[in-house]
Amino acid sequence: MVMKNPDVEFCGYCITHPSESKINFRIQTRGGLPAVEPFRKGLNDLMGVCQHVLNTFERSMKEYRAQREEEMQ
Amino acid sequence: MAAKRGTDEMRDRVVLGEFGVHNVHTTDFPGNYPGYEDAWDRRRFEEAFRVDIIREEEGALEFDMVGIDAAIANAFRRILLAEVPTMAVEKVFVYNNTSIVQDEILAHRLGLIPIRADPRLFEYRNQGDEEGTEIDTLQFQLKIKCSRNPQAAKESSDPNELYFNHKVYSKHMTWVPLGNQTDLFPDADFRPVHDDILIALLRPGQEIDVLMHCVKGIGKDHAKFSPVATASYRLLPDITLLQPIEDEAAEMLQKCFSPGVIEIQNIKGKKVARVANARLDTFSREVFRHEGLKNLVRLARVRNHYILGNY
């Protein structure tokens with residue numbers, strides 16, 4: 001998500017130790033923009049994606065079930 | 001034109017070669033391909049993304065997700081396995097266990113039994129709370145005693161005839177409402193998902209009398225809380241024939257793939273092969289073992305089309 005931002009020059013992560021819930025995240029921008037901005041934008045975009053996936057999935061399930069009801073009748 | 005087709009292939013197909021897999025990683029990030037708009041565009045994503053449900057049954061769901069990146073599809077898979085809460089038996093109070101199964105083994109088995117209860121109706125138990133209240137605990141009882149059947153034939157050796165209740169199944173678990181749970185859930189039917197899970201075997205005189213507390217938990221804590229038997233995905237196969245294949249070669253080609261993938265049509269008297277339904281293929285790569293066929297077919301997978309479910 002952060003990589004899809006054209007202002008980001010480098011982005012990477014690593015997990016320091018599997019037992020700890022900690023991730024080292026590194027973002028480097030092309031100069032000018034503070035690195036927190038692409039991170040914040042990436043998180044917001046990710047929330048938007050998940051919400052859209054949920055809505056699409058619910059809609060498809062409803063259509064599928066309605067279609068099955070029709071076929072049964 | 002050929003160059004554009006090449007980059008298109010690099011961008012949205014994962015190619016299976018004879019000795020390895022190419023183009024595995026996602027490369028469509030802004031700046032990588034001149035002339036392509038790769039920056040994140042929410043509207044473009046929402047227009048391209050779709051979910052197609054193929055099949056829904058009591059315990060299985062098969063559906064397709066098209067237009068999403070590998071990292072996000074994988075994240076959904078991992079969340080399904082580890083972070084969706086369910087109810088499962090956590091504490092077992094053993095009042096009497098004279099069976100051959102040790103207490104801790106019995107408790108372990110009871111914990112793994114899936115419970116039909118909507119976890120959204122319950123709260124997580126507070127840390128350090130040993131007793132449990134009615135909003136975070138579901139109580140079950142298993143009380144069963146094995147006895148000899150006086151009507152059994154003298155010489156029979158079939159345990160089904162000789163004994164009553166010698167097999168303890170999950171259907172013998174009964175829900176014991178706590179506090180005001182009878183008012184909160186008047187129509188609820190809390191029981192194990194499957195009735196025929198064998199818990200223990202008994203002989204006459206042995207009995208099991210336990211009380212179980214179920215709590216809400218997630219798979220990351222203990223695998224018994226994982227709601228799915230498994231959740232996995234595969235990418236949609238994409239088989240292209242680079243040249244027309246006829247006659248004997250067509251027959252051999254059909255045998256190389258799973259049934260239903262390649263069909264043979266009769267055009268002007270000659271048998272010509274055609275890809276009918278690439279989705280059914282399991283990619284055994286049998287075609288690479290035949291010298292004459294291996295350069296005539298391109299095996300690939302569509303990078304952003306995920307098929308989730310049983311195959």
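Student: What percentage of the 73 residues in chain A is made up of buried residues?

Tutor: That's 23%. Buried means under 20% relative accessible area, exposed means over 50%, and partly exposed is in between, with a 1.4 Å probe and protein chains only. Keep in mind that this is a predicted model: local features need pLDDT of at least 70, side-chain atom pairs count only at pLDDT 80 or more, and totals for chains, interfaces and linings use all residues. Side-chain values use heavy atoms, without hydrogens and water; residues are numbered from 1 along each chain as its sequence is written, while chains are lettered from A and ligands numbered from 1 in the order in which they are written.

Student: What radius of gyration does chain A have, and what would a compact globule of 73 residues have?

Tutor: Chain A has 20 Å, while such a globule would be near 11 Å. The radius is taken over C-alpha atoms, and the globule rule is 2.2 Å times the number of residues to the power 0.38. The C-alpha trace of chain A spans about 60 × 35 × 15 Å along its principal axes.

Student: Which pattern does chain A follow along the sequence?

Tutor: It reads β-β-α, from two strands and one helix. Both kinds of element are DSSP runs numbered from the N terminus: helices are H or I with at least four residues, strands are E with at least two.

Student: What makes polar contacts with the side chain of B:Lys294?

Tutor: The side chain of B:Glu18 does, at 3.2 Å, and so does that of B:Glu291, also at 3.2 Å. The term needs a pair of N or O atoms within 3.5 Å; within protein, one must be able to donate a hydrogen and the other to accept it, and residues adjacent in sequence count only if both atoms are side-chain atoms.

Student: What is the phi of B:Asn165?

Tutor: It is positive, about 60°, although this residue is not a glycine. Most residues other than glycine have a negative phi. B:Asn23 has a positive value too, near 60°.

Student: Which residues touch the most other members of the largest nonpolar core?

Tutor: Of its 27 residues, they are B:Leu110, B:Leu138, B:Leu142, B:Met173, B:Ile199 and B:Ile208. Such a core is a set of buried Ala, Val, Leu, Ile, Met, Phe, Trp, Tyr and Cys residues joined through side-chain atoms within 4.5 Å. S5, H4, S7, strand S13 (198–201) and S14 of chain B each give two or more residues to this core. In soluble globular proteins, nonpolar side chains tend to be buried together.
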